[in-house]
Amino acid sequence: MSHSTETTESTEKADKAKMPSQIPYIIASEGCERFSFYGMRNILTVFLMTSLLLSIPEPLRKGMAKEVFHTFVIGVYFFPLLGGWLADRYFGKYNTVLWLSLVYCAGHACLAMFEDNRNGFFTGLFLIALGSGGIKPLVSSFIGDQFDQSNRSLAQKVFDGFYWIINFGSFFASLLMPIFLKQFGASIAFGIPGVLMFIATIVFWLGRKKYVHVEPVAKDPHSFLNVVKTALFAEGKGADQGRSGYYLALAGGVLALAGMFLIPQIGIVAALCLALVFVLGFGGAGAWMQLERARGVHPDIAVDGVRSVLRILVLFALVTPFWSLFDQKASTWVLQADQMDKPSWFQSSMMQALNPMLVMLLIPFNNLILYPMLKRMNVELTALRRMGLGIAFSGIAWIVVGFMQLAIDGGNMLSITWQILPYALLTFGEVLVSATGLEFAYSQAPLAMKGVIMSFWNLSTTIGNLWVLLANSSVKSEAVTEQIKTTGMSVTAFQMFFFAGFALLAALAFAAYAKKYTMLNNYRRA
């Protein structure tokens, strides 16, 4: 069959592809859930600063509010590992999402009930992190399960629509919740998101008879972890007798244990996440070095699948600096907005509504105008090129914010409208990284590891927020702050330029690695 005939047939199949009827249930549920999540998240820093943490001296309160916020975000993006494992191994995606959604609702109830009780409030944050994080990788991969080879051409459009509805919910939450917090108090402001989360759970449940359910995979002797274990511990033969990969993985374990001694300086959450980074980084590199030893013990398809996953995880690791920058718009940028000139009725956290509004505009603009225009110019923005550019744009946004902070530190009163430019740059980067990354992660994951791979995609956000906590911990050292003073910049401005450089270096590394990456197609067969 000629190439032109194959192309014609694939085009005809794409034209005839039908949108699954169950998709609206998932999209509507996601819109409500995202309102609930961003509704509480976007007022969290303000509430901590003005209410829950008032007993802490004011000079330390800002740092503590940022620490609580980013620790919460770390939890949200860590628990996807648990949710993905439970779904893939035991309960399936639908049941896991439904049950953890009820935990999520309970967390919102705690926030509304315990506005004056720090332990009760933090319990609510934990339950939301568990519920929200647990379902996070599953909803997006559950959408992917509704497609097969016959209609996969529609999947990227649905993933874009999925990301659009996320920002639709986030836009109204960012705009309204700061007003509700100021006018009606914390109980109402945190209670409304709880109601929306309960509605999201009901809507998701209503579609139960229409969904395609991919059954959990039975315990597999050739699973990812079993292949990695064999690669690290099996004896080599001939020229492959060296144990360098094993010793590298062992070094990661030792560093992870050593990281526990940092708990007094950086806190238990940051220390545990740092330990996870050491285990994943050194263990993955060690397994890669000795992976060929697993052949013969495990089938070639399993060994090749592990190598594919390890290659994917390198790309995910290079995305982590982007999340370091992106999530600080709800902490560092809000605190900067407090120092800027604005109308009396305008709350600093309301500025975050600009981000989802721009996302809703940029997704259709990119798909209908920008990408087709570039294609006509013979410039193809592949998924990896988009993601690399997105990381770079986030760095540029933080350079702009850094210069704004220098002006503020110099005694200039800037209007809050100046923040529009960095928000626009960061949001453009977000659309290129996050919306693209959802479909990329699903399409590259082996069929038996959809939930877990999507969990690792979310884990990149956890590690991104870990870098923020480590940076904040470092500036508590007098030696570090004295060194920063020699630059003539404030600690805040210096950190802004530091994170900008961090992202730009990551973008270069991502682009270099992406050139060698071979794209896969791991959608299920029709």
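**Buried cysteines, enclosed cavities and side-chain contacts**

Cys273 is buried, with a relative accessible area of 6%, where buried denotes under 20% relative accessible area, exposed over 50%, and partly exposed the range in between, as computed with a 1.4 Å probe on protein chains only. The structure is a predicted model, in which local features require a pLDDT of at least 70 and side-chain atom pairs are counted only at pLDDT 80 or more, whereas totals for chains, interfaces and linings use all residues. Residues are numbered from 1 along each chain as its sequence is written, and side-chain values rest on heavy atoms, with hydrogens and water left out.

Cys105 likewise counts as buried, at 15% relative accessibility. The structure holds 0 disulfides, a disulfide being taken as a pair of cysteine sulfur atoms within 2.5 Å. For Cys105, the closest cysteine sulfur belongs to Cys32 and lies 11 Å away, which is too far for a bond.

Grid points are joined across faces, edges and corners, and the volume is the space filled by probe spheres set on the points. The largest cavity has a volume of about 360 Å³. Its lining comprises 26 residues, of which Arg34, Tyr77, Lys136, Tyr163 and Ile166 are the closest to the centre. Two or more lining residues are contributed by each of helix 2 (23–41), helix 6 (118–145), helix 7 (155–184), helix 13 (300–326), helix 17 (420–444) and helix 18 (450–474); helices (H or I, at least four residues) and strands (E, at least two) are DSSP runs numbered from the N terminus. The lining of the largest cavity divides into 11 nonpolar, 8 polar and 7 charged residues, where Ala, Val, Leu, Ile, Met, Phe, Trp, Tyr, Cys and Pro count as nonpolar, Asp, Glu, Lys and Arg as charged, and the others, Gly among them, as polar.

The second largest cavity has a volume of about 70 Å³, and the residues that line it are Ile26, Ser29, Glu30, Glu33, Val97, Ser101, Ile135, Val139, Met197, Ala200, Thr201 and Phe204. Helix 2, helix 5 (80–113), helix 6 and helix 8 (186–206) are the elements that give two or more residues to this lining, which divides into 7 nonpolar, 3 polar and 2 charged residues.

In total, 9 salt bridges are found in the whole structure, a salt bridge being a side-chain nitrogen of Lys or Arg within 4 Å of a carboxyl oxygen of Asp or Glu. One of these joins the side chains of Lys93 and Asp145, with an N to O distance of 2.9 Å. This pair links distant parts of the chain, since Lys93 lies in helix 5 and Asp145 in helix 6, 52 residues apart. Lys93 counts as buried at 7% relative accessibility, as does Asp145 at 3%.

Glu292 takes part in two further pairs, one with Arg295, in which the closest N and O atoms are 2.5 Å apart, and one with Arg307, in which they are 3.2 Å apart. A network of salt bridges links Glu292, Arg295, Asp300, Asp304 and Arg307.

The count of aromatic pairs comes to 35, where rings of Phe, Tyr and Trp (its six-membered ring) pair if their centres lie within 6.5 Å, and planes under 30 degrees apart count as stacked, over 60 as edge-to-face and the rest as tilted. Phe37 and Phe72 form a stacked pair, at 6.2 Å centre to centre and 25° between the planes. Here too distant parts of the chain are linked, with Phe37 in helix 2 and Phe72 in helix 4 (residues 58–78), 35 residues apart. Phe37 is buried at 0% relative accessibility, and Phe72 is buried with a relative accessible area of 5%. Tyr246 and Tyr247, by contrast, form an edge-to-face pair, at 5.3 Å centre to centre and 65° between the planes, and Tyr246 is partly exposed at 22% relative accessibility. Ring pairs also link Trp333, Trp398, Tyr423, Phe498, Phe499 and Phe502 into a cluster.

Terms used:
On a 1 Å grid over the protein atoms alone, a cavity is a set of points where a 1.4 Å probe fits but cannot get out, and a pocket is an open set with protein on both sides within 12 Å along at least five of seven lines; lining residues have an atom within 4 Å of a point.
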